[in-house]
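Please look at the sequence and the structure shown below.

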Amino acid sequence: MTDTMIYTNNLTKSFGENLAVDRLSLSIPAGEVFGLLGPNGAGKTTTIRMLAALIAPTGGEARVAGFQIGQQDREVRKAVGILTENPGMYNQLSAERNLSFFAKLYEVADIPGQVERYLRMLGLWDRRHEAVGTFSKGMRQKLAIARALLHEPRVLYLDEPTSGLDPEASRIVRDFIAELRHEGRTIIICTHNLNEADRLCDRVAVFRSELLALDTPTNLRRQIFGRRVVFHLAEVTPALLDAVRAYGFVQQAEVLEDKLVVTLDDPEAQNPLLVTALVGAGAQVRFVGELRRSLEDVYLHLVNPQKEAN
Amino acid sequence: MEKIWEIVRKEWSEVFKNRLVLGSVIVMPLIFTLLPLGILYSMQGSADVEMAEAAADMPEHFQAVCEGLSALACSQYFILLQFLSLFLLMPTIIPVTIASYSIVGEKNTHTLEPVLATPITTLELLMGKALAGVIPALSITWLSYGIFVAGTAILAVDDGIFRAVLSPVWLLSIFGIGALLSVAGVSLSIMISSRVNDPRAAEQLSSLVVIPLIAIFMGQAMGLIQFDLGLVIWTTIGMIVLDTVLLYFAIQLFQRETILTRWK
């Protein structure tokens with residue numbers, strides 16, 4: 001059984017009248033990459049800050065790496081690394097000095113060794129003596145990720161890790177996150193980049209003050225939109241549509257852009273039957289594939305269901 | 001303690017690259033040290049008759065301080081005593097400037113959140129910030145005072161003046177009240193920086209701490225306030241109480257959550 005690294009039970013945070021996080025209950029196992037998705041002001045950063053023992057919850061409870069938030073905050077801070085939304089650096093100081101300062105605060109035993117390790121890993125070693133103020137945004141972001149990892153935290157919070165980065169820098173950061181996943185760290189990513197969340201996260205939570213949905217991206221797609229199979233045929237005729245609709249397991253069949261789109265619950269078992277039926281009815285089947293809905297579709301459906309329905 | 005010194009070292013390597021901070025740490029002490037010595041030097045050629053007339057114009061209660069001094073020496077000492085309150089400006093202004101820049105600077109560069117995310121305690125962080133301001137302020141003040149005393153030994157017309165600037169009034173003021181003013185200045189800066197939303201307002205409000213000292217300087221020049229041992233001892237006691245209160249509130253008001261969520 002996998003250890004639970006992050007556990008929250010009805011975690012709540014309000015600022016006066018404003019309810020930022022409403023009874024959030026999560027259980028995230030060790031080694032999982034977990035995406036926290038939601039619109040601006042949804043409470044993602046507030047949640048991260050609570051789980052990093054930076055701000056105190058106003059209700060509920062949370063444990064991170066086995067330590068109770070609100071009672072063992074120093075232990076929590078030692079166990080987690082955080083990349084904040086605005087990852088500030090001391091601009092006048094060199095990259096090396098920035099990291100060695102934070103390494104000291106994190107009580108790292110081998111400061112020069114750890115600083116060198118992460119500067120090399122993120123390709124900043126050659127520029128370690130340069131003032132951070134001269135760095136590009138991508139380099140600063142990489143340095144901030146290095147800072148979050150200096151003390152080898154078991155849990156890593158990444159708030160908008162690729163925000164404002166060019167595609168190349170984004171790719172480097174994403175690849176690095178993927179490497180961290182292989183090291184077995186538990187990672188929570190807050191992001192507006194849904195494509196990134198889809199690629200990196202084992203599970204995602206769609207969140208707007210309260211939890212709207214939580215599952216793997218694939219399962220969320222299936223739960224909301226079902227599984228849709230697209231048949232590329234030489235020609236779609238009403239007779240072919242009827243041949244498909246004759247099967248009871250077909251939930252929906254329609255013609256979209258000259259293709260036959262069928263909603264099924266178990267395409268692996270049902271596709272061969274449909275292909276046989278179509279060929280038998282005289283169709284030329286050129287290609288069969290699954291019509292994937294993007295995580296963005298899932299997100300928009302959950303966050304703004306009325307607009308999506310319209 | 002290691003974390004506190006790390007904060008201090010980091011602050012110094014950052015803030016002393018700031019021209020405003022450098023200016024307050026170098027220029028002000030230079031002026032406050034060299035100006036009285038320059039005046040002493042210029043008075044050396046003055047006629048004793050002229051000085052006797054000047055001494056007669058001094059506040060009545062000051063005459064007692066001049067007992068045993070010549071008219072010229074009395075005039076010289078009167079001038080030097082005016083600079084005592086200015087010497088106290090140094091340990092007040094320097095840490096206020098450093099502490100304001102330090103905390104507000106953290107806000108401007110978005111570095112406070114990563115710092116607060118480390119296992120550092122609020123007390124360690126505040127101690128580091130406070131010492132980063134207080135140590136250079138006191139070092140500079142005491143160095144300036146040393147230069148001032150050495151200059152007085154050379155330029156004063158009477159040994160009595162040299163002894164006077166090393167009297168308990170001066171020593172307790174410079175080493176006692178000076179240190180306490182530093183702590184008060186830093187505490188006030190932390191309190192203000194922690195509570196206001198606008199970092200610029202923090203700097204401006206913190207600088208108001210010098211107003212009482214300027215009032216003392218004016219009162220002294222107008223003969224309303226006389227620096228004697230009694231006043232200095234009572235001021236020291238009052239400052240100890242004030243520092244205790246200010247430090248307590250500075251720590252109480254420096255709420256991690258408030259700083260993270262209020263400062264936009």
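**Where the two chains meet**

Between them, chain B and chain A bury about 2,700 Å², and 61% of this area lies on carbon and sulfur atoms. The model is a predicted one, and every value given here is computed from it. The contact draws 27 residues from chain B and 27 residues from chain A.

Several kinds of interaction cross this interface. The rule applied to side chains finds four salt bridges between chain B and chain A. R49(A) takes part in a salt bridge with E113(B), in which the closest N and O atoms are 2.9 Å apart. Across the interface of chain B and chain A there are also seven residue pairs in polar contact, with both residues at pLDDT 80 or more.

Which helices of chain B each supply at least two residues of the side that touches chain A? They are α1 (2-15), α5 (71-108), α6 (112-116) and α13 (256-262) of chain B. The helix α1(B) gives the most to this side, with eight residues. When the residues on the side of chain B that touches chain A are sorted by class, nine are nonpolar, seven are polar and 11 are charged.

**An open sheet in chain A**

The next element to find is a sheet in chain A. Four strands form this open sheet in the order β2-β1-β4-β5, and their pairing is antiparallel. At the edges are β2 (18-29) and β5 (67-68) of chain A, each of which pairs on one side only. On the sheet packs helix α1 (residues 44-51) of chain A, which touches β1, β2 and β4 of chain A. The direction of this helix makes about 120° with that of β1(A).

The strand β1(A) can be followed to its partners on either side. With β2(A) it runs antiparallel, and eight bridges join the two strands. In this pairing, I6(A) stands opposite I28(A) of β2(A). The strands β1(A) and β2(A) form a hairpin with two residues between them, and G16(A) in the turn has a positive phi of about 65°.

The other pairing links β1 (residues 4-15) of chain A to β4 (residues 59-64) of chain A, in the antiparallel sense and over five bridges. Here I6(A) stands opposite V64(A) in β4(A), and T12(A) stands opposite G59(A) in β4(A).

**A second hairpin and a link between helices**

Further along chain A, strand β12 (residues 252-256) and strand β13 (residues 259-264) run antiparallel and are joined by five bridges. The bridge partner of Q252(A) in β13(A) is T263(A). These strands, β12(A) and β13(A), form a hairpin with two residues between them, and E257(A) in the turn has a positive phi of about 50°.

Conventions
Residues are numbered from 1 along each chain as its sequence is written. Chains are lettered from A and ligands numbered from 1 in the order in which they are written. This is a predicted model: local features need pLDDT of at least 70, side-chain atom pairs count only at pLDDT 80 or more; totals for chains, interfaces and linings use all residues. Side-chain values use heavy atoms; hydrogens and water are left out. Two strands pair if DSSP finds at least two bridges between them. Contact means heavy atoms within 4.5 Å. Axes are lines fitted to C-alpha atoms, for helices over the stretch in contact, and angles run from 0 to 180 degrees between N-to-C directions. Buried area is the accessible area (1.4 Å probe) that two parts lose on being put together, summed over both. A polar contact is a pair of N or O atoms within 3.5 Å; within protein, one must be able to donate a hydrogen and the other to accept it, and residues adjacent in sequence count only if both atoms are side-chain atoms. Ala, Val, Leu, Ile, Met, Phe, Trp, Tyr, Cys and Pro count as nonpolar, Asp, Glu, Lys and Arg as charged, and the others, Gly among them, as polar.
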